[in-house]
Amino acid sequence: MEIHQLEMLRELGALGSVKAVAETLLVTPSAVSQQLAALQKSLDVPLTRKEGRNLVLTDAGQVLADAGAAVVSAMAEARRAIGAYHVSPVSPVTVSGFHSAGQVLFAPLARVLDAPDTPKVLLSDEDVAQQDFPALTARYDLVLAHRMDHSPPWPEERVAVIPLAREPLDVALPANHPLAQLRSLTTADVARERWVTSRAGYSPADVLTAVAASSSRELNIVHRINDYSTVAALVAAGSVIGLLPRYTARPALNPGIVLRPLEGISTRRRIDILARPENLKRTSVMMVCEALQKIMDGLIDADGSPV
């Protein structure tokens with residue numbers, strides 16, 4: 001049985017004729033008759049009987065109509081509740097972010113949304129390989145994700161995409177390294193260096209694959225570390241160079257490191273918000289998206305060039 005069938009049965013009990021039910025529900029009499037017949041087929045007891053020209057409910061039909069009225073009322077309340085949830089500016093919003101994004105975006109986001117009329121934001125860190133970010137939208141309202149410019153696009157038939165930034169990955173050098181004297185670097189400049197980079201499937205490893213292809217030589221990768229703070233510490237120690245994001249790795253930097261842009265290959269990664277399309281219909285979710293965009297814009301405006 002379906003809700004619209006129960007609603008028709010309830011109206012039949014109140015109005016006494018198929019024609020009156022059809023007029024009330026703005027459907028044809030034949031549609032009402034078909035739905036009532038389908039409802040009757042699903043049950044073993046008669047729901048209606050003829051009384052002259054009228055079709056009235058049996059006792060069993062009245063019991064079902066009364067129960068149906070409760071169901072219809074509950075569904076109306078559910079629709080009202082979900083409507084209020086969608087427009088509420090304070091309903092909770094779950095957000096996941098990869099580590100470097102979380103380091104620079106989560107605290108400002110929590111400060112901006114620390115007010116009675118703002119969403120309650122629930123933050124989690126999820127640092128996964130690029131191809132695994134879309135699946136996180138099943139668990140979170142918003143997912144901060146990154147991918148390289150040249151990598152496969154997000155599956156927009158399954159997830160909505162809100163761009164936040166296109167962030168270069170710069171070469172991180174010890175401040176006393178000879179290459180630190182240059183304003184920018186080429187793949188030939190860095191191909192013979194010892195490297196610390198990420199595990200495969202993450203942005204720094206993708207860039208180094210391009211460096212190796214451009215320079216036609218196998219690179220000397222000493223360490224594979226995903227945490228940018230650890231990468232920065234190893235670079236500062238002086239034995240390796242690495243790649244760090246220009247905007248989101250700022251908390252990892254220290255005076256012993258300089259960043260230099262790498263010319264000749266694509267080093268930009270896209271930072272995007274991924275979400276299920278239905279989540280973006282919620283007022284509170286869009287408020288969080290707008291706050292994230294403003295915070296990211298501020299990071300870029302504050303320092304759009306390497307140190």
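This note walks through a few local features of a predicted model, point by point.

1. Ground rules. Residues are numbered from 1 along each chain as its sequence is written, and side-chain values use heavy atoms, with hydrogens and water left out. In this predicted model, local features need pLDDT of at least 70 and side-chain atom pairs count only at pLDDT 80 or more, while totals for chains, interfaces and linings use all residues.

2. Strand β5. Start with β5, residues 142–148. Helices (H or I, at least four residues) and strands (E, at least two) are DSSP runs, numbered from the N terminus. Seven of the seven residues of β5 are buried, so the strand is largely enclosed by the rest of the structure. Here buried means under 20% relative accessible area, exposed means over 50%, and partly exposed lies in between (1.4 Å probe, protein chains only).

3. Two faces of β5. In a regular strand the side chains alternate between the two faces of the sheet. L142, L144, H146 and M148 point one way from β5. V143, A145 and R147 point the other way.

4. Neighbours of β5. Two strands pair if DSSP finds at least two bridges between them. Strand β3 (residues 93–97) pairs with β5 in the parallel sense, over three bridges. S96 has V143 of β5 as its bridge partner. Strand β11 (residues 268–275) pairs with β5 in the antiparallel sense, over six bridges. There, D272 of β11 stands opposite A145.

5. T137. This residue sits in the loop between β4 (121–125) and β5. Is T137 buried or exposed? T137 counts as buried, at 4% relative accessibility. Leaving aside residues up to four places away in sequence, T137 touches V143, V159, L274, A275 and R276. Contact means heavy atoms within 4.5 Å. The side chains of T137 and R276 also make a polar contact (3.4 Å). A polar contact is a pair of N or O atoms within 3.5 Å; within protein, one must be able to donate a hydrogen and the other to accept it, and residues adjacent in sequence count only if both atoms are side-chain atoms.

6. The structure holds two aromatic pairs. The F98 and F133 rings have their centres 6.2 Å apart and their planes at 70°, so this pair is edge-to-face. Rings of Phe, Tyr and Trp (its six-membered ring) pair if their centres lie within 6.5 Å; planes under 30 degrees apart count as stacked, over 60 as edge-to-face and the rest as tilted. F98 is buried, with a relative accessible area of 1%. F133 is buried too, at 0%. The rings of F133 and W154 have their centres 6.2 Å apart and their planes at 90°, so that pair is edge-to-face. It links distant parts of the chain, 21 residues apart: F133 in the loop between β4 and β5, W154 in the loop between β5 and β6 (160–174). F98, F133 and W154 form one aromatic cluster.

7. α7 has 13 residues and reaches 19 Å from its first C-alpha to its last, close to the 18 Å expected at 1.5 Å a residue. The expected span is 1.5 Å times one less than the number of residues. Buried residues in α7 include S203, V207 and V211. Just after α7, S216 takes a positive phi of about 55°. S216 is exposed, with a relative accessible area of 66%.

8. L26. Most residues other than glycine have a negative phi. L26 has a positive phi, near 60°. L26 lies in the loop between α2 (18–25) and α3 (29–41), and is exposed at 77% relative accessible area.
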